[in-house]
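Hello,

Here is the structure I promised to pass on. My notes follow below it.

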Amino acid sequence: MDRAQIKEWLSRQPLFQGLTDQEMDSVVDLAGTRHYKTGMHVFMQGEPVTNVYFIHDGRVKIYKTDINGKEQIVNVLQPGHMFPHQGFFRKGNYPAHAEVTEAAKITYIPIHSFENFLLQNPEISIKLFRVLGDIIVDLQGRLEEKLLHTTYNQVILLLIRLAKIHGEKLDKDWVQFNTTFTNRELANMIGSTRETVNRTIAKLKKKKIIKISSSQYLIVNPSLLEEEIS
């Protein structure tokens, strides 16, 4: 990926929209691009924070592990996403692992260089705060789901959320995921068990609220899912 391509792609990211051509040149001067194969880690939990990353192609799973090795998926990121957001303000180590789940092309900017750029361009800091605000709202919503809903409803709410992020409309009623998720991965996203998710998926299939495509992608009816928890 050459300099012009990096500049063109980054200029379309919400964080950099509105910058002048000269300001974008300053951003590109800081950036590099790497290719990652499926299964590779961009960084590991506990490693020193060094870069912020922007996904061009592919997908990245952000997850934590406890002392027993149990995995908790924090997010699944796709093209256009930036990570880790706390990297701009948090010194120390990465709080989670970042694993490539679909071969990826990723642009990176060293944190210390980008911090200096933010000081020179405070309007970018305002945009960054807005992005972080959306993430905080999302995390608050997930916490409320955990505290106020049964596990059955948590699985349904997770499917609704994933359909918005990773779904493509088939028609006015049905949405097909463009990423495959195992039941274990779904369970790890809400801190549940695979068996619980298995039962919930089976029940929703029986009620004809979700389907599985021939390629093993989930197909969901968001309206019926919402009715199921109301």
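Start with Leu-30: at 24% relative accessibility, Leu-30 counts as partly exposed (buried is under 20% relative accessible area, exposed over 50%, partly exposed in between; 1.4 Å probe, protein chains only). This is a predicted model: local features need pLDDT of at least 70, side-chain atom pairs count only at pLDDT 80 or more, and totals for chains, interfaces and linings use all residues. Residues are numbered from 1 along each chain as its sequence is written, and side-chain values use heavy atoms, with hydrogens and water left out.

Leu-30 sits in helix H2 (residues 21-30). Helices are DSSP runs of H or I, at least four residues; strands are runs of E, at least two; both are numbered from the N terminus. Not counting residues up to four places away in sequence, Leu-30 touches Tyr-108, Ile-109, Pro-110, Ser-113, Phe-114 and Phe-117. Contact means heavy atoms within 4.5 Å.

Next, Thr-107. This residue belongs to strand S6 (residues 97-110). Thr-107 has 0% relative accessibility, so it counts as buried. Its side chain makes a polar contact with the side chain of Thr-33, at 3.0 Å. A polar contact is a pair of N or O atoms within 3.5 Å; within protein, one must be able to donate a hydrogen and the other to accept it, and residues adjacent in sequence count only if both atoms are side-chain atoms. Leaving aside neighbours within four places in sequence, Thr-107 also has contacts that include Ile-6, Leu-10, Val-52 and Phe-54.

Best wishes
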